[in-house]
Amino acid sequence: MANFVQQVVSGLASGGIYGLLALAIVLINRSTGVINFAQGEMATLSAFLCWTLMDHGWAFWPAFAATLFLSFGGGLLLEAVVIRPIQNGPLVGIVILTIGLLIAINGLTTWIWGGAAKQFHGPFSTAPIRVGGVAFSKQDLGVIVVAFVAVGLVAALFARTRLGLALRAVAVNPLESRLVGIRASTMLAVGWGLAAALGAVAGVMAAPSLFLEPNMMQTVLLYAFAAAVLGGMESPLGAVVGGLLLGVVLNLAGTYVHWIGGELRLAVALALILGVLLVRPSGLFGRTALRRA
């Protein structure tokens, strides 16, 4: 029983990272209809920025806060300079552009910081905390808390602020939101900035356990896509729940189904998605679209 609880907590930690990145993917997809394939590389770049600040003597939390600010600004700039000029063009063109951004950002991080893995010292130690005979990693618990705080702040932004209401309005109907005075272009830029900041949280939280290198988030991005599809590409809540569920299921499967191990984790994730989509194509929290004949 103790091992089961430990694996669940560890799964929630990794699932929190998947959920944060999946939430970033869903936010952009809801507002623009685009799947951002560069989301993982953007998160990796943010983690490198945080590592650089710490390497220059910054403490973790000030470096983390500065990284979130820089990532948000980078997301705004990326939308304004790269995405906005072609946003009225074919959707496939924007998707191909995000794939190009993936390659470009990966090359940039390799050129600046090199391809060798770097040790990232996070804010949480790996020392265990024992509760009732069960040992929990401080790092896992810390990642879970940070992930839930980040998701809670985003939820409060959308539910309690005028900015959040404007972002939701643009995501639902950009044309009508313009008619009531909302600047859709500004809201789209804010959405990209918010997604970049969420990706930064995921990248920085993943770096201590994955080691920091240019390809660090590529596999995590696949799990994030799996979480987004599992929860529903139109549902921010579904993205988070899908990430947590995926993290726990993969951890338990890798522990108790010995032939899965680490090599087949991605295959299990894809099989889980396939099973859900066969039963509910819109995902667990997505809305089923009705078509009239």
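These entries record what I looked up in the structure, which is a predicted model.

**Entry 1. Nonpolar core**

The largest nonpolar core comprises 77 residues. I noted the residues with the most contacts inside this core: Leu21, Phe120, Met205, Leu212, Met217 and Leu246. Helix H8, residues 184–210, contributes the largest share of the core, with 15 residues. I then listed the partners of Met205. Leaving out residues up to four places away in sequence, Met205 touches Ile17, Phe60, Phe124, Val143 and Val146. As background, I recorded that nonpolar side chains in soluble globular proteins tend to be buried together.

**Entry 2. Helix H3**

I next checked the length of helix H3, which covers residues 60–83. Its 24 residues should span 34 Å at 1.5 Å a residue, and the end C-alpha atoms lie 32 Å apart, so the two values agree. I looked up which H3 residues are buried; among them are Phe60, Ala63, Phe64, Ala66 and Thr67. Ser71, Gly75, Leu78, Glu79 and Ile83 of H3 are buried as well. I then asked what covers these buried residues, and the cover includes helix H2 (39–55), helix H4 (91–113) and H8.

**Entry 3. Salt bridge**

How many salt bridges does a search of the whole structure find? The search returns one. I found the side chains of Arg84 and Glu79 meeting in a salt bridge, at 2.9 Å from N to O. I compared the accessibility of the two partners. Glu79 has 1% relative accessibility and therefore counts as buried. Arg84 has 31% relative accessibility and therefore counts as partly exposed. In general, side chains of opposite charge can pair when their charged atoms come close.

**Entry 4. Asn251**

I turned to Asn251, which is found in helix H10, residues 236–256. Is Asn251 buried or exposed? Its relative accessibility is 11%, and because buried means under 20%, Asn251 counts as buried. Setting aside neighbours within four places in sequence, I recorded contacts of Asn251 with Gln7, Ser10, Gly11 and Arg265.

**Entry 5. Nonpolar surface patch**

Finally, I examined the surface. Leu237, Leu245, Leu284 and Phe285 make a nonpolar surface patch of about 350 Å². I located Phe285 in the segment after helix H11 (265–279).

How values were computed. Residues are numbered from 1 along each chain as its sequence is written. This is a predicted model: local features need pLDDT of at least 70, side-chain atom pairs count only at pLDDT 80 or more; totals for chains, interfaces and linings use all residues. Side-chain values use heavy atoms; hydrogens and water are left out. A nonpolar core is a set of buried Ala, Val, Leu, Ile, Met, Phe, Trp, Tyr and Cys residues joined through side-chain atoms within 4.5 Å. Buried means under 20% relative accessible area, exposed over 50%, partly exposed in between (1.4 Å probe, protein chains only). Helices (H or I, at least four residues) and strands (E, at least two) are DSSP runs, numbered from the N terminus. Contact means heavy atoms within 4.5 Å. Patches are made of residues with over 30% relative accessible area and no salt bridge: like charges are joined within 9 Å, nonpolar side chains (Val, Leu, Ile, Met, Phe, Trp, Tyr) within 5 Å. Accessible areas come from the Shrake-Rupley method with a 1.4 Å probe; for residues, only the protein chains shown count as cover. A salt bridge is a side-chain nitrogen of Lys or Arg within 4 Å of a carboxyl oxygen of Asp or Glu. The expected span of a helix is 1.5 Å times one less than its number of residues.
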